[in-house]
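Here's a quick briefing to keep open next to the viewer.

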Amino acid sequence: MRFLLDEDLHPRTAEIGRGLGLDVRSVHEIERRGYADREQLRFAAAEGRIFVTRNRDDFMNLTVEFYQTGEPHCGVLIVPRGLPNNRPERISHALKRWFDARRDFPEAFGLYHVDFLAPSVPGSGYG
C-alpha cells in the first residue's frame with residue numbers, strides 16, 4: 001500500500017512514515033500544494049496511492065461522486081482531530097499501525113473505501 005498525504009498534514013509526517021518503512025509521499029514534497037481536492041484525488045489514483053487527509057467532509061463527498069461517475073480512486077484515510085498536526089510522529093505511527101493491521105490483506109482496502117486512523121493504541125507510547 002502506498003500513501004499520498006494532503007497539504008493539510010505536516011510534511012514531516014511523510015519523512016517519519018518513510019523511516020517506519022511506509023511508502024508515503026506528501027504533496028508538499030512533490031510540489032502539488034494548492035491543487036483542488038478533486039485533482040489531488042485523481043493524482044493519488046493515477047499513482048496508485050491511498051489519499052490521507054483531515055478534510056473528511058469534502059473527501060467523503062468526492063468518494064461518492066467518483067463512485068457515481070465510475071472514476072476510480074484507491075481509497076481515502078481520514079486523520080481525526082485526535083491526532084494533532086503539530087505532532088507528525090503521532091500521525092505517522094497511526095498510519096503505520098493502520099498499515100500493519102492490513103498488510104496481509106491489502107485487497108480488503110481499495111477502490112472507493114474510506115477509513116479513519118485511530119488516534120492511539122493503549123500502551124503504545126504514541127497515544
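A quick word on terms: contact, or touching, means heavy atoms within 4.5 Å. What you're looking at is a predicted model, in which local features need pLDDT of at least 70 and side-chain atom pairs count only at pLDDT 80 or more, while totals for chains, interfaces and linings use all residues. Residues are numbered from 1 along each chain as its sequence is written, and side-chain values use heavy atoms, with hydrogens and water left out.

- pLDDT is the predictor's confidence in each residue, on a scale from 0 to 100.
- The chain has a mean pLDDT of 90, and 92% of its residues reach 70 or more.
- Residues 122-127 stay under 50 in pLDDT, and the model has nine contacts beyond four places in sequence for them.

- Helices (H or I, at least four residues) and strands (E, at least two) are DSSP runs, numbered from the N terminus; two strands pair if DSSP finds at least two bridges between them.
- Strand 1 and strand 2 run parallel, joined by four bridges.
- Along that pairing, R2 sits opposite D23 of strand 2, and L4 has R25 as its bridge partner in strand 2.
- To get from strand 1 to strand 2 the chain goes through helix 1 (residues 12-19), making a right-handed β-α-β crossover. Right-handed here means that, with the strands pointing away from the viewer, the path from the first strand over the helix to the second runs clockwise.
- Strand 1 also runs parallel to strand 3, with three bridges between them; F3 has I50 as its bridge partner there.
- Strand 2 (residues 23-26) has V24 and S26 on a covered face, with D23 and R25 on an uncovered one. In a regular strand, side chains alternate between the two faces of the sheet.

**The nonpolar cores**

- Buried means under 20% relative accessible area, exposed over 50%, and partly exposed in between (1.4 Å probe, protein chains only).
- A nonpolar core is a set of buried Ala, Val, Leu, Ile, Met, Phe, Trp, Tyr and Cys residues joined through side-chain atoms within 4.5 Å.
- The largest one has 18 residues, and F3, V52, L77, L95 and L117 have the most contacts inside it.
- Strand 1 (2-5), strand 3 (50-53) and helix 4 (88-102) each put at least two residues into this core, with helix 4 giving the most, at five.
- Which residues does L95 contact, leaving aside neighbours within four places in sequence? They are F3, L22, V24, V52, L77 and L117.
- A separate core of eleven residues lies apart from that one, with V27, A44, F66 and I78 among its members.

**S92, tucked into helix 4**

- S92 belongs to helix 4, and its relative accessible area is 0%, so it counts as buried.
- Not counting residues up to four places away in sequence, S92 touches T13, I16, G17, L20 and L22.

**Aromatic pairs**

- Rings of Phe, Tyr and Trp (its six-membered ring) pair if their centres lie within 6.5 Å; planes under 30 degrees apart count as stacked, over 60 as edge-to-face and the rest as tilted.
- Searching the whole structure turns up four aromatic pairs.
- F3 and W98 have ring centres 6.1 Å apart and planes at 75°, so this pair is edge-to-face.
- Because F3 lies in strand 1 and W98 in helix 4, the pair ties together parts that are 95 residues apart in sequence.
- Both F3 and W98 are buried, and together with F99 they form one aromatic cluster.

- E31 has a positive phi, near 55°, and isn't a glycine.
- You'll find E31 in the loop between strand 2 and helix 2 (37-46); its relative accessibility is 58%, so it counts as exposed.
- Y112 also isn't a glycine, yet its phi is positive at about 70°.
- Y112 sits in the loop between helix 4 and strand 5 (114-116), and at 17% relative accessible area it is buried.
- E65, in helix 3 (residues 56-69), is partly exposed at 27% relative accessible area.
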